[in-house]
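Me: I'd like to learn how to read the contacts between chains. Can you walk me through it?

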Amino acid sequence: MVKSSMRLGDIAAELGAQLRGEPDIEITGLATLQAATPGQIAFLANPSYARHLADTRASAVIISPSVADKFTGAAVLMDNPYFGYATLSHRFDPAPVAAAGIHPSAVVSASARIPDSASIGPQAVIEDDVVIGEGVVVGAGSVIGARCQLGDYSLLRPRVTFAHDVVIGRRCHILSGAVLGSDGFGFANEKGAWHRIAQIGRVILGDDVEVGANTTIDRGALDDTVIGNGVKLDNLVQIAHNVNIGDHCAMAGMVGIAGSTRIGSHCVFGGASVVSGHLTLTDQVHLTGMTMVTGDITEPGVYSSGTGADTNRQWRKNAVRFRQLDSLARRIKELEKKLEG
Amino acid sequence: MVKSSMRLGDIAAELGAQLRGEPDIEITGLATLQAATPGQIAFLANPSYARHLADTRASAVIISPSVADKFTGAAVLMDNPYFGYATLSHRFDPAPVAAAGIHPSAVVSASARIPDSASIGPQAVIEDDVVIGEGVVVGAGSVIGARCQLGDYSLLRPRVTFAHDVVIGRRCHILSGAVLGSDGFGFANEKGAWHRIAQIGRVILGDDVEVGANTTIDRGALDDTVIGNGVKLDNLVQIAHNVNIGDHCAMAGMVGIAGSTRIGSHCVFGGASVVSGHLTLTDQVHLTGMTMVTGDITEPGVYSSGTGADTNRQWRKNAVRFRQLDSLARRIKELEKKLEG
Amino acid sequence: MVKSSMRLGDIAAELGAQLRGEPDIEITGLATLQAATPGQIAFLANPSYARHLADTRASAVIISPSVADKFTGAAVLMDNPYFGYATLSHRFDPAPVAAAGIHPSAVVSASARIPDSASIGPQAVIEDDVVIGEGVVVGAGSVIGARCQLGDYSLLRPRVTFAHDVVIGRRCHILSGAVLGSDGFGFANEKGAWHRIAQIGRVILGDDVEVGANTTIDRGALDDTVIGNGVKLDNLVQIAHNVNIGDHCAMAGMVGIAGSTRIGSHCVFGGASVVSGHLTLTDQVHLTGMTMVTGDITEPGVYSSGTGADTNRQWRKNAVRFRQLDSLARRIKELEKKLEG
């Protein structure tokens, strides 16, 4: 997959983009406008970086036709240069490509179905009745529980854990340390002690789902936990049992979604946002970082909570007043009455 | 342990509950009132779901005697139907049961004591002088450090890590990716640089403790980190060194407890709550999600902090005023003086 | 490394400290002033514990010369007793020391360079062209990706994951479950769907860096993610792609740093603090716990945000007023106008 060198003409063709300049220019790498050296291709995605066009040493730039006149060098013209960069990035990815086959140190159940095109890494464990798709990679030290199903071309990095009965779609990307299908946090209290409830639902991921490093997605209590197509979860995210996430959502690091909450599609959650359980959020909800959601959200839009950092000296004065807010509001009301009277 | 089918009479007997209806009804699964199909048993734990009783297709329902007259079908009557469901759930749990014995790919020290009834999974590592109880399961790829002691019938899911000298009680349940006994975060600063302090205390868990996926519990600096009986910790929880948690506490995902803090018994902490170090919280403290605790709590009760999500447009206006709160309060005082004067 | 017993005179010599008392006193352990038993050495780092000096049963105490007259027993006198304790703690650390050599169950590439002094634990995986320094320990079940470089005397606890091309300095300490070099969270949106961007930068750690249990440090998108010398990261910390952290910072559990943010040196971040992406924080910034930073910080000092826990009853009253803050402020302004008018 990785190429050390591509012709600029081939790059434009692969991106379905218009070429301005010499197609035989040899491109050997990808970099930012500022860091690029001759032989590399750069891109302009954010117009505020346009000032770097004048100084870049890149041999070519992926750029929108709308600003192409600001750059005189070789250019690959397309409406979404960031998408062009994303596509091209895989051509210059130095990540080793796993060889097909089952490593002799892996422990694989005789009942697992593994095609010749799949790669099972060293020290991995594949349990009974697992079904693995074409071209799937299971990284070193991963454990795949009984009856899991992994869709074609899914890529599991080293040390991933799937408990039993986890089903993932095609082209999913599961990063190291992720745990899918672990028991949901369900207990019944009887006379002050907590009694564990067996979690007998599954985890179901659509196609093209990304699960970040050390992220956890719990299996359902009775029904399933369901993650839609194209959902992207960053590192250290917690998805509790019976959560349902719609297609094409993106959640940054440390987001937490409590049990049985339903999230619409195309939502974007900033880092460390937390959504309480048993809620429903509609499509296209955008949460800024550290937002605390404790009620349903029925309208698309941007939502926030919390307060920004201040000097500790100022913050102390203000935070103590927060505890007096209701009484301050009543005093304002009182003043207004007096002035009206 | 898993049965595909049970007689309704046997279910009532096992739950110590009263049966209303035909004891020979065959029950083949467990589901919610809404999702149940004929042959399954459902339950009514939350009275607000009572409206689903009329339409359920379940063959029987676990229900409190106090609302039994709202349902005409076969019923298992007990005061705490949710506890009945919890108990019964294990009968229909499809999780594979680990076979006793040491998998040939495991690496086990000759000095470890492992009874025949225990199960040591593939690729696991058991270090010197570990003592493992009857019926214990150590999941695939787990690493158990020197001198650890695991009480009878404790269940460690795949890829759990215990550093050396971790002691856990009976029937503990440790989920994948959990790390117990890792070094506490202790450093001495000398001339601007941090110098690591060896963490020579242990981690001690009582009986019936649950530790969630990718949760971390650090060993003590000098004394031990201690988790009481029946404590339930969800995923991605952080318990720092020398913390002491009383019996039967439950902490939801992403809770953090800083070093040397002591938590009473029967506390319930909502997700992403954070408690500062060197504090003491009494029994029966309930924190709502994302609460920040920076001082001792001496009275049982429910505590909260933070602000809920608002539209970003409204939030921006209010959050900027938070920085003026102290001055606003002073201006109210001034107005009051003027009006009195 | 571990000694069960040391002469007090040797302790003072090793710490470069002044001895007051009998050098032949045998010291067999280390404890707090309160917990120490005869034969153990204790320390007084925090002056507020000075009251325990009178009752301690410790055979000797590490203490500052400035308060030495408050204690009549054997003493080791040095200006920074906490540093003395830190240094001495390693002498009484019961952690097993890994034997040099490659465990037969490890899977090691023929192209990896591993000196005789290094220890590769059971079930570990070392991929192609890895370069390992003198005295390095790779814990059981760890996976080290292609072309990683580990500096001399670095210690990796069990079940650590390094993706390819991670470079760490000397004497680093990486705790269990940590994931270094996992893919950064980078996607281009095209017509509503997210397209993954290959992350082709590296992770670079300086010397003496600590990475906590289950902490994640992502590789850079194009440039590298860089962690300076002496940085200490606690458990469950998230460091996103292209972050740059200056020397000797310390970050407590659950801190999150979003992408491309640059942190100065000697910063200290309390637990669960979150810093947004693309920001710059200067040197010596101290964040109290749960602080949310959404803008640059240009001045050293202590910063905070959020509100402390209150009873739920009081909090509800005040939190609802937060949503009215801007209108309350306008009403105060109105009142002031009327009174002036």
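Me: What area is buried between chain C and chain A, and what percentage of it do carbon and sulfur atoms give?

Reply: Buried area is the accessible area (1.4 Å probe) that two parts lose on being put together, summed over both. Here, chain C and chain A bury about 6000 Å², with 64% coming from carbon and sulfur atoms. On the chain C side, Phe185(C), Trp194(C) and Met292(C) lose the most area to chain A, together 12% of what that side buries. Before going on: this is a predicted model, where local features need pLDDT of at least 70 and side-chain atom pairs count only at pLDDT 80 or more, while totals for chains, interfaces and linings use all residues. Residues are numbered from 1 along each chain as its sequence is written, chains are lettered from A and ligands numbered from 1 in the order in which they are written, and side-chain values use heavy atoms, with hydrogens and water left out.

Me: How many residues of chain C are in contact with chain A?

Reply: Contact means heavy atoms within 4.5 Å. By that rule, 76 residues of chain C are in contact with 72 residues of chain A. Towards chain B, 72 residues of chain C are in contact with 77 of chain B.

Me: How many salt bridges are there between chain C and chain A?

Reply: A salt bridge is a side-chain nitrogen of Lys or Arg within 4 Å of a carboxyl oxygen of Asp or Glu. The count between chain C and chain A is four, and one pairs Arg323(A) with Asp310(C) at 3.7 Å, N to O. Between chain C and chain B there are five, among them Arg157(C) with Asp183(B), whose closest N and O atoms are 3.1 Å apart.

Me: Which strand of chain C pairs with strand 39 of chain A?

Reply: Strands are DSSP runs of E, at least two residues, numbered from the N terminus, and two strands pair if DSSP finds at least two bridges between them. Strand 39 (residues 310–311) of chain A pairs with strand 38 of chain C, antiparallel, over two bridges. In that pairing, Ser304(C) is the bridge partner of Asp310(A).

Me: And which strand of chain B is joined to strand 39 of chain C?

Reply: That's strand 38 (residues 301–304) of chain B, again running antiparallel, with two bridges. Look for Ser304(B), which stands opposite Asp310(C). Asp310(C) is also the residue that meets Arg323(A) in a salt bridge.

Notes
Helices (H or I, at least four residues) and strands (E, at least two) are DSSP runs, numbered from the N terminus.
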